[in-house]
Amino acid sequence: IELVELDGNYDATTQASQMTELVAQGVDAIVLNPSDGTSLVASAKEAFEAGIPVVTGAMNIDESGFDYIETFVGPDDEDVGFVAGNTLIDCLPDGGKVAIIEGTAGSSAQVNRTAGFERALEDSDLEVVAKISADYDEATAMNVMQDMLTKYPDLAGVFCHDDTMASGAVQAMKEAAYTGEEIKVVGYGGSAAGAKLIEEGY
């Protein structure tokens with residue numbers, strides 16, 4: 001098996017162009033981790049019409065394109081968000097203001113993790129006061145969290161769509177002298193960096 005790897009840089013336009021190139025090359029199959037599930041439906045259709053099977057991984061395309069892919073391999077992202085929401089509910093029995101630092105806007109993970117989180121909070125005393133994308137980038141998440149702490153100094157918790165952004169959020173908290181007891185942080189991914197944050201009390 002010959003493997004061709006392309007870096008889409010979380011950019012839908014780049015990925016669409018790469019998909020077109022792969023179709024033109026006549027590859028036997030494509031594994032796609034779509035940065036924008038809606039924008040890349042057309043690319044999946046292009047491959048499908050060329051007889052090239054497409055498997056989406058980690059993040060899926062919009063359901064309008066499900067007929068153009070073979071299968072999806074990855075987590076139930078709405079369940080990820082739902083579990084994260086219930087975790088914050090358990091950590092904050094008195095309620096409070098919480099925020100979401102999201103992944104790439106428009107991706108299935110961003111849409112579904114936030115939807116699951118908000119569903120979990122429907123009958124709780126937690127209020128979502130901010131939802132901002134940090135594109136799975138640590139430095140961006142740090143800046144986002146800094147802005148949130150300025151606007152909401154009484155923030156009680158934050159759900160980060162992945163551990164990389166959770167790390168950035170914690171850096172902002174440390175600089176502003178917030179502890180893990182004062183603001184509860186929930187991440188996702190089970191990374192070594194995430195485990196280290198837990199050991200540090202965040």
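1. Two strands count as paired if DSSP finds at least two bridges between them. Helices (H or I, at least four residues) and strands (E, at least two) are DSSP runs, numbered from the N terminus. By that rule E6 and E7 pair in the parallel sense, over 3 bridges. Phe159 has Val186 in E7 as its bridge partner.

2. This is a predicted model: local features need pLDDT of at least 70, side-chain atom pairs count only at pLDDT 80 or more, and totals for chains, interfaces and linings use all residues. Residues are numbered from 1 along each chain as its sequence is written, and side-chain values use heavy atoms, with hydrogens and water left out.

3. The sheet. 4 strands form an open sheet, ordered E5-E4-E6-E7, with parallel pairing. Strand E5 (126–133) and strand E7 (184–186) are the edges, each pairing on one side only. The twist averages 20° from one strand to the next. Angles run from 0 to 180 degrees between N-to-C directions, and the axes are lines fitted to C-alpha atoms.

4. Strand E6. Strand E4 (residues 96–102) and strand E6 (residues 155–160) run parallel and are joined by 5 bridges. Ala99 stands opposite Val158 in E6. Buried means under 20% relative accessible area, exposed over 50%, and partly exposed in between (1.4 Å probe, protein chains only).

5. Asp162. This residue sits in the loop between E6 and H6. Asp162 is buried yet has no salt bridge. A salt bridge here is a side-chain nitrogen of Lys or Arg within 4 Å of a carboxyl oxygen of Asp or Glu. The nearest side chain of opposite charge to Asp162 is Arg113, 6.3 Å away. Lys and Arg count as positive and Asp and Glu as negative; His and the chain ends are not counted. Leaving aside neighbours within four places in sequence, Asp162 is in contact with Tyr136 and Tyr188. Contact means heavy atoms within 4.5 Å.

6. Salt bridges across elements. The whole structure holds 8 salt bridges. One of them joins Asp154 and Lys97 (3.2 Å, N to O). Asp154 lies in the loop between helix H5 (138–151) and E6, and Lys97 in strand E4, so this pair ties together parts 57 residues apart in sequence. Asp154 is partly exposed at 45% relative accessible area, and Lys97 is partly exposed at 28%.

7. A second link. Lys131 forms a salt bridge with Glu118, the closest N and O atoms being 3.0 Å apart. Lys131 is in strand E5 and Glu118 in helix H4 (residues 108–120), so parts 13 residues apart in sequence are tied together. Lys131, at 44%, counts as partly exposed. Glu118 is also partly exposed, at 29%. Elsewhere, salt bridges that share partners join Lys174, Lys196 and Glu200 into one network.

8. A link within a helix. Lys45 and Glu49 meet in a salt bridge (4.0 Å, N to O). Both lie in helix H2 (residues 41–49), 4 residues apart, about one turn of the helix. Lys45 is partly exposed at 34% relative accessibility, whereas Glu49 is exposed at 58%.
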